Structure formats: C-alpha cells, structure tokens
Amino acid sequence: MKQQKDHLYKLRHSLAHIMAQAVLQIRPDVKLGFGPPIDTGFYYDFDFGDNPIQDSDLKQIEKRMQKIIKQKQEFSCSVKSLETAVEGLLDANQTYKADYAKELASSGEELSFYVNGSFIDLCEGPHLENTGEVPKGCFSLDKIAGSYWRGSEKNPMLTRIYALCFEDAEALKEFKKMRELARQRDHRKLGTELELFMFSDEVGVGLPLWLPKGNVIREELEKWAKEEEFKAGYKSVSTPSITKGKLYELSGHLPYYKDGMFPPMQIDEGDEYYLRPMICPHHHAIYGNRPRSYRELPYRISEYGDTFRFEKHGSLAGLLRVRSMCMNDAHIYCTREQVAEEFRAVLKMYNYYYNKLRFGDFRVRLSLHDADSGKFVDQEEEWLQSEAMVRKILVDEGVEFEEEAGEAAFYGPKIDIQVKNLLGREETVSTCQLDFIMAERFNLKYTNSEGNEEQPYILHRAPLSTHERFISFLIEKYGGAFPTWMSPVQVQLVPVGDHVLKYCEEIEELLRENLFRVEVDNSSDSFGKKVRKAITSKVPNIWIIGGDEQENRTVAWRRYCGGKEQQVVSLDDGLKALNIMRSERLMDNFDDVALPLEK
C-alpha cells in the first residue's frame with residue numbers, strides 16, 4: 001500500500017512539473033509559484049501578469065503536456081549553491097523561486113533542482129524516471145482558482161491550475177463519477193431542495209436555522225440517543241449556554257480556545273461572560289455540587305446543549321463547520337479501576353450507532369499529545385500513563401486503530417472516529433476523551449471505600465457529534481433519503497382524484513392519532529405529477545389511494561427504496577408495518593430491508 005502511495009505521489013509530482021513546462025512553452029513570461037501533489041491530483045501556481053488565462057486555455061495546456069509525455073524526458077536531480085541557484089532563477093525571471101531559494105538556504109536547506117527536458121525547477125522530488133511512465137488517460141486539468149503567494153493576503157494573487165490524477169484512466173473515471181454523485185448529494189444542495197435548513201445574512205454567517213423538516217431529523221436523533229443513554233445509566237441535565245469567563249479560566253480553556261470563542265460580554269461589574277464553546281466545565285460544576293461517594297460512581301451525565309465557536313469566515317462550510325451547534329455531549333466520572341469498563345461501554349455504544357446507521361467507511365484514530373508542541377498540559381508521566389490505558393483498551397477490544405501525535409485534547413488522549421465522505425475526505429465525527437486534568441482543577445473528589453478522598457477520572461464522549469455535523473454526513477450518505485423513523489414526512493398520501501379525498505383525510509387522521517408524520521397531496525396537479533413530487537421529495541412511503549383502495553379499505557404502497565413494485569395492503573396491516581418500522585428504527589432507506597408485513 002505504501003509503495004502504491006509513493007508511486008502515485010511521484011506520478012502527481014511529475015505531472016505538476018510537466019504542466020509547468022507546458023505553460024511556460026505557451027506563455028514564456030509566466031512566473032512560477034509552487035506545484036505540489038494533493039489528495040486528488042496536483043496543482044501549480046502561476047503569475048500570468050496582465051494576461052491571465054481562461055478555462056478555455058486548459059485544453060491547449062493539456063495537449064502540450066501530452067507531447068511532453070511522449071518525449072520520455074528523464075527527470076534528473078542536481079544540487080546548486082545559493083549564488084548559482086539565485087542567479088539562474090533571476091535570469092529566467094523566476095523571482096518567486098529566487099526568494100524561496102534564499103529562504104531555504106538561510107535555514108540550512110540544500111537547494112536541489114529537478115530537470116526534465118528544457119524545464120528546471122527548485123524541488124526536493126521525488127519523481128518518475130521519465131515522462132513516458134505517465135499512464136495514458138490518468139490525468140485531466142480540472143479548474144482555475146486564485147491563490148495568494150505563500151497563502152498570505154499581503155502577497156500577490158496568483159493563478160492556480162488544479163488537475164486530477166489517479167493510478168490509471170479507470171481510477172480517474174471512477175473518481176469523476178463519485179465526484180458527480182457527491183455534488184448531487186452535497187448537504188448544502190439537498191438541504192435547500194428538501195427544505196431542511198437555511199442560513200440568513202440577517203441572522204449571521206455560520207448560524208443555521210433549522211426548518212420544520214430538518215428539525216424532525218434533529219429531534220429523532222436526540223430522542224434515539226436519549227433512549228440509549230437512559231438504558232446505559234446516564235442522567236440527563238441542562239446547563240446554560242452562557243457563563244462567566246472565570247469558569248474557563250479554571251478549566252484552562254481560555255488560553256487554548258480564546259481565539260475560537262465569541263468575544264466576552266460585560267454584564268456584571270468586573271465579570272466577563274462568554275457564549276460557551278464546550279459543555280464540560282458546566283458538567284464538572286454539577287459533579288462538584290456536593291460530596292460524592294464511590295458508591296455513586298460511575299456517575300454519567302448527558303446533555304444536548306448549544307455551543308458557540310467563532311470559526312473563521314473562510315472555514316465555514318454548510319452544516320459541517322458552523323458557529324452555532326447543538327452537541328450530543330456526556331461526561332462519565334469514575335475510578336481508575338472503572339476506566340476500562342466505561343471506555344469499552346462507550347466503544348460498544350459507538351459501534352451500535354455506526355452499524356445501525358450503516359457508517360461503514362470510517363477508521364479509529366488514537367490521538368496522542370506532542371510534548372514539544374507546547375499545546376498540551378505539561379504532565380508527561382500522566383500523559384504516558386493515560387495514553388497507555390486507552391491503547392490497551394483498544395488492543396484488548398480488537399479495535400484497529402492508527403496513532404497520531406499532536407491531535408489529543410489539551411487535557412488528555414482521545415479516540416477520534418474519522419468518517420470519509422463520498423470523495424474519501426476525512427472528518428472527525430465522534431470522539432471519546434480520557435481526562436486526567438479537570439478533576440484536579442475543579443477539585444472534584446469522591447470518598448473511597450476506606451473513607452479517603454480521591455480524584456475521579458473523566459471520560460468525555462460525543463458519539464453523535466453535533467446535530468449540524470452529523471446530519472450533514474447523514475444527508476450526503478443517504479442522498480437525502482431517510483428511513484421512515486427519521487424522515488420529515490413518513491407517509492405521503494397521493495389520491496388519484498377528488499372522489500377519494502374523504503378516505504385520504506380519514507387515513508391522515510388515523511396516522512396522526514398514531515403520531516405519524518403524514519401529508520395529503522390535495523393540489524390540483526395531475527396524478528403523475530403528484531407521484532413525481534413525492535419521489536423528488538424522497539418520502540420513504542407513498543400511499544396511492546384510488547377507488548379500489550377506498551372501497552376495500554386498503555392502500556397501494558410504493559416505497560422510495562426497497563423496490564419500486566407497489567403492494568396493496570389493508571389499512572390495518574399498513575399501520576402495523578409503520579409501527580414496526582418506527583419502533584425498531586428499521587433502516588428501510590436501504591434496498592435490503594423489506595416491508596414488515598405479515599405473510
């Protein structure tokens with residue numbers, strides 16, 4: 001696997017040089033920036049001066065690249081002195097590269113150059129042996145974008161040409177297919193089309209407004225989680241979304257997260273208040289409200305609470321990254337001896353959720369501290385002990401995981417559930433953190449069996465992340481087609497004509513009495529258009545009502561998933577099936593789940 005990755009890296013890196021050479025042949029006066037490989041291919045930054053290129057120029061560049069590939073130019077490396085390197089770069093009018101060469105030399109880096117044909121570039125490699133090794137049809141130029149030199153707004157704006165590149169033509173074709181599917185399933189697009197959520201300039205950027213249909217999904221997830229937490233022994237609490245800054249000074253969050261918090265508010269004289277970016281300090285205050293005995297441990301408290309983070313404008317992305325969010329948070333206070341069992345219980349809960357929702361493409365990351373970064377509490381022995389505890393739990397449970405230094409919380413190690421989207425991009429969705437710091441800072445104690453005071457360990461867990469982030473993943477994974485139990489509209493009644501509206505209204509009343517979300521399409525649209533609207537809205541169950549159904553007290557049941565064949569069932573059997581789909585939370589938005597009808 002590593003060998004394949006290395007080869008793909010070389011392929012993409014080599015093609016970046018080939019593209020730069022092609023651009024220089026077409027525009028000899030262009031100045032070069034950087035041209036690295038990226039996850040989907042490569043890019044190169046150019047300064048075209050007063051004569052910018054257009055999307056229509058990409059085909060010409062790509063044709064020139066194909067000529068260079070056919071020439072089988074060899075890639076060779078040489079090391080130059082700073083004086084020789086800078087002189088050559090300035091002679092070629094490559095001022096950006098010359099400045100970068102000076103910077104590298106000042107930090108002790110050697111100046112390596114790669115040559116292929118007439119093209120030479122300041123680069124550390126690696127590359128293919130020659131341009132002829134580029135597989136046919138493995139790349140295509142993709143788009144043009146703007147990019148500041150070195151990523152700073154203070155520097156000149158350059159033109160970035162992006163290209164896609166994969167192992168072969170088939171892999172490139174598959175990626176393009178998945179990208180198109182990802183565009184169709186983009187949660188921002190579907191969220192608008194299905195009327196799930198919205199944003200308003202008057203309300204503010206990054207502050208989502210949940211519309212009635214989207215709020216159904218939130219409430220169903222919350223209801224499910226609260227049931228599972230109740231069965232697991234959690235006690236539900238509610239805490240305020242605002243707090244004195246002193247609480248975050250005590251927890252230590254202010255030094256680490258102040259830049260990501262909304263500005264303080266002066267409310268009481270001498271006191272600053274903050275919108276909370278996290279819930280844990282509030283829960284510590286609840287635990288410390290009175291003396292605790294070891295008999296109360298593990299003490300598990302949970303909350304669906306609003307939090308607020310001042311994310312930079314450029315990092316906001318639909319529901320994936322917002323400034324206002326509702327978090328599925330909980331904290332477990334336990335003895336050292338109970339840590340492993342509680343952590344395993346959390347892992348079991350995560351596994352249940354992910355299997356139920358069919359989140360198959362994910363990995364577990366053990367996020368560790370980095371002693372040299374200065375970002376973590378300086379208690380090395382406790383770090384190593386707690387990391388060893390979490391590592392052993394994962395190993396004992398047979399959980400496959402990868403370790404990554406520098407990704408821990410500042411107060412302890414954690415596991416992160418990394419979920420991939422349709423294009424393979426990873427995001428952290430769920431976490432479980434082992435905290436060995438906060439009990440000391442908040443003076444949290446319990447009396448052990450011998451009457452002595454000890455500090456508890458704390459587990460922070462959020463299996464369903466925030467409503468916003470988790471639902472963004474659900475929308476894209478399911479393409480907006482939710483299972484019956486979670487769907488904003490569970491049943492759409494489609495009458496074939498006005499003569500059956502009374503029977504439709506009777507069914508609607510029956511379903512509402514049984515707390516099902518049902519709508520009747522009594523519009524003046526044609527029957528065919530009504531059916532198409534129901535399908536476009538991705539309603540999981542479409543009940544078509546005609547004269548025969550009215551006479552026989554039946555419904556013609558058509559499902560969005562699970563086959564397009566209609567089944568005629570009695571109204572009583574239909575209601576029973578809906579109750580099973582809801583109570584068992586069947587994932588009937590997958591084709592392998594049949595209607596739960598009695599044979």
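## Close-up views of a predicted model

Figure 1. With a relative accessible area of 10%, R585 counts as buried; buried means under 20% relative accessible area, exposed means over 50%, and partly exposed lies in between (1.4 Å probe, protein chains only). The model is predicted, so that local features need a pLDDT of at least 70 and side-chain atom pairs count only at pLDDT 80 or more, whereas totals for chains, interfaces and linings use all residues. Residues are numbered from 1 along each chain as its sequence is written, and side-chain values use heavy atoms, with hydrogens and water left out. R585 is located in the segment after helix 18 (571-583); helices (H or I, at least four residues) and strands (E, at least two) are DSSP runs, numbered from the N terminus. Although R585 is not a glycine, its phi is positive, at about 45°. R553 likewise is not a glycine and has a positive phi of about 55°. It belongs to the loop between helix 17 (547-552) and strand 27 (554-559). R553 is partly exposed, with a relative accessible area of 40%. Most residues other than glycine have a negative phi, and most peptide bonds are trans.

Figure 2. The peptide bond from G125 to P126 is cis, its omega being near 0°. P126 sits in the loop between strand 6 (119-122) and strand 7 (139-148). A cis bond, with omega near 0°, also runs from L297 to P298. The loop that holds P298 lies between helix 10 (280-287) and strand 15 (299-308).

**Figure 3. The largest nonpolar core.** A nonpolar core is a set of buried Ala, Val, Leu, Ile, Met, Phe, Trp, Tyr and Cys residues joined through side-chain atoms within 4.5 Å. The largest one has 75 residues, of which F343, L357, I415, F470 and L474 touch the most other members. Helix 11 (residues 339-357) makes the greatest contribution to this core, with nine residues. Which residues does F343 contact, leaving aside its neighbours within four places in sequence? The partners of F343 are V390, I393, I415, C432, L434 and L459, where contact means heavy atoms within 4.5 Å. Another core, of 33 residues, lies apart from the largest one and includes A16, V23, L58 and C123.

**Figure 4. E222 and its surroundings.** E222 is part of helix 7 (residues 212-231). Its relative accessible area is 19%, and E222 is therefore buried. Not counting residues up to four places away in sequence, E222 touches Y304 and H467. The C-alpha atoms of E222 and M327 are 10.0 Å from each other, while the two residues are 105 residues apart along the chain.

Figure 5. Strand 12 and strand 14 (residues 272-275) run antiparallel and are joined by three bridges. K244 has Y273, in strand 14, as its bridge partner. Strands of a sheet pair through backbone hydrogen bonds, either parallel or antiparallel.

Figure 6. A salt bridge is a side-chain nitrogen of Lys or Arg within 4 Å of a carboxyl oxygen of Asp or Glu. By this rule, the count comes to 35 salt bridges. E180 and R183 form one of them, with the closest N and O atoms 4.0 Å apart. These residues, E180 and R183, are separated by about one helical turn because they are three residues apart in helix 5 (residues 169-185). E180 is partly exposed at 37% relative accessibility, and R183 is partly exposed at 48%. A salt bridge between K414 and D416 has an N to O distance of 3.5 Å. K414 is buried at 14% relative accessibility, and D416 is buried at 0%. D521 and K533 also meet in a salt bridge, at 3.4 Å from N to O. This pair links distant parts of the chain, 12 residues apart: D521 is in the loop between strand 25 (518-520) and helix 16 (527-536), and K533 is in helix 16. D521 is buried, with a relative accessible area of 8%, whereas K533 is partly exposed, at 34%. Through shared partners, salt bridges join R365, E404, E407, K414 and D416 into one network.

Notes: Two strands pair if DSSP finds at least two bridges between them.
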